[in-house]
Amino acid sequence: MKDWVRKRRERDPYREKARKIGVRSRAYFKLMDIDRRFNILKTGDLVIDLGAYPGGWLQYISSKIGYDGHVYGIDIREIAEFPDRPNITTIKGDVFKKETIEKISKMIKENKVDVLVSDLSPNITGIWELDTEKIYDYNKVTMRYIDRFLRKGGTAVIKSFEGRYSDRIIKMVKRRFKWVAKYKPKASRKRSAEFYIIGLNYLGKDRKTFIKTSREQSDLKP
Ligand SMILES: C[S@@+](CC[C@H](N)C(=O)[O-])C[C@H]1O[C@@H](n2cnc3c(N)ncnc32)[C@H](O)[C@@H]1O
């Protein structure tokens, strides 16, 4: 490990805290902060978590919803099992693939969920033009999952990044939810362009918006 990476890690209080309380990622504290502020998770909720590896958010959600609830965590990477948490199911899949949507549908038996959270993040290349396009695609694909799986009145949390398309992304959420907020949790690194959009009270699919993802590998048609 490079010296500067090691130093940054040592200085990171959230990484240290995560290690101490035995949670899988520092991201755990971002969702905790969002939940404490916006009260998004309740006992008995059915939840979808997109981009869930390694599973910090899953651990937080699992404790909040209790054993009457259930959370489905989806990631392109294999998420290690949670043997002591029967209210977590993990699904390995690429969110841009139709088969992933089908897998989720089967698992939740065509039910709708109360909450959909997305911490999906592309590999950032540092090439601004490319990165903003990628982020926009991830946010658009998240809208598809919301329209397919979230119940009316439900809640969503969507990770995004400041950039060329941020206003457009916020508009897409505003067309679907009665109440929308933009929030940067304390655990988000100061230098990071990341922020979260919180949508409360889902109104239903926005028919005016034509969602098209530019990713070549996407087989999700509008
Ligand atoms: C910031 S991490 C999520 C951290 C997680 N919320 C936690 O608490 O541990 C973003 C995740 O998005 C996943 N991801 C990126 N592209 C994806 C795709 N096309 N399909 C599914 N997952 C993807 C990555 O593998 C990565 O695990």
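This is a predicted model: local features need pLDDT of at least 70, side-chain atom pairs count only at pLDDT 80 or more; totals for chains, interfaces and linings use all residues.
**Exercise 1. Strand pairing around S2**

Which residue stands opposite Ile74 in S2?

*Solution.* 
Step 1. Leu50 is the residue that stands opposite Ile74 of S2. The pair belongs to a parallel arrangement, in which strand S1 (residues 46-50) is joined to S2 by five bridges.

Step 2. Ile74 also stands opposite Ile91 in S3. Here again the strands run parallel, and five bridges join S2 to strand S3 (residues 88-92).

**Exercise 2. Burial of S2**

Determine why strand S2 (residues 70-75) is largely enclosed by the rest of the structure.

*Solution.* 
Step 1. In a regular strand, side chains alternate between the two faces of the sheet.

Step 2. On one side of S2 lie His70, Tyr72 and Ile74, and on the other Val71, Gly73 and Asp75; all are buried, and both faces are covered.

Step 3. Six of the six residues of S2 are therefore buried, which means that the strand is largely enclosed by the rest of the structure.

**Exercise 3. The nonpolar core**

Identify which members of the largest nonpolar core touch the most other members, and list the contacts of Val47.

*Solution.* 
Step 1. The core holds 54 residues, and those touching the most other members are Val47, Ile48, Trp57 and Leu116. Helix H6 (residues 128-149) supplies the largest share of this core, eight residues.

Step 2. Leaving aside residues up to four places away in sequence, Val47 touches Ile61, Ile65, Gly69, Val71, Val113, Asp114, Val115 and Val117.

Step 3. As general background, nonpolar side chains tend to be buried together in soluble globular proteins.

**Exercise 4. Backbone geometry**

Locate the cis peptide bond involving Pro54, and characterise the positive phi values of Asn39 and Asn201.

*Solution.* 
Step 1. The bond from Tyr53 to Pro54 is cis, with omega near 0 degrees. Pro54 is placed in the loop between S1 and H4.

Step 2. Asn39 has phi near 55 degrees and lies in the loop between H3 and S1. With 10 other C-beta atoms within 10 Å, Asn39 is exposed.

Step 3. Asn201 has phi near 65 degrees and is found in strand S7. Asn201 is partly exposed, as 13 other C-beta atoms lie within 10 Å.

**Exercise 5. The ligand shell**

How many residues surround the ligand, and how do they divide by type?

*Solution.* 
Step 1. The ligand is surrounded by 21 residues, the closest being Ala27, Gly51, Tyr53, Gly56 and Asp119.

Step 2. The shell divides into 11 nonpolar, five polar and five charged residues.

How values were computed:
Residues are numbered from 1 along each chain as its sequence is written. A residue is near a molecule or strand if its C-beta atom, placed from the backbone, lies within 6 Å of it. Ala, Val, Leu, Ile, Met, Phe, Trp, Tyr, Cys and Pro count as nonpolar, Asp, Glu, Lys and Arg as charged, and the others, Gly among them, as polar. A nonpolar core is a set of buried Ala, Val, Leu, Ile, Met, Phe, Trp, Tyr and Cys residues joined through C-beta atoms within 7 Å. A residue is buried if 20 or more other C-beta atoms lie within 10 Å of its own, exposed if 12 or fewer, and partly exposed in between; C-beta atoms are placed from the backbone. Helices (H or I, at least four residues) and strands (E, at least two) are DSSP runs, numbered from the N terminus. Two residues are in contact if their C-beta atoms, placed from the backbone, lie within 7 Å. Two strands pair if DSSP finds at least two bridges between them.
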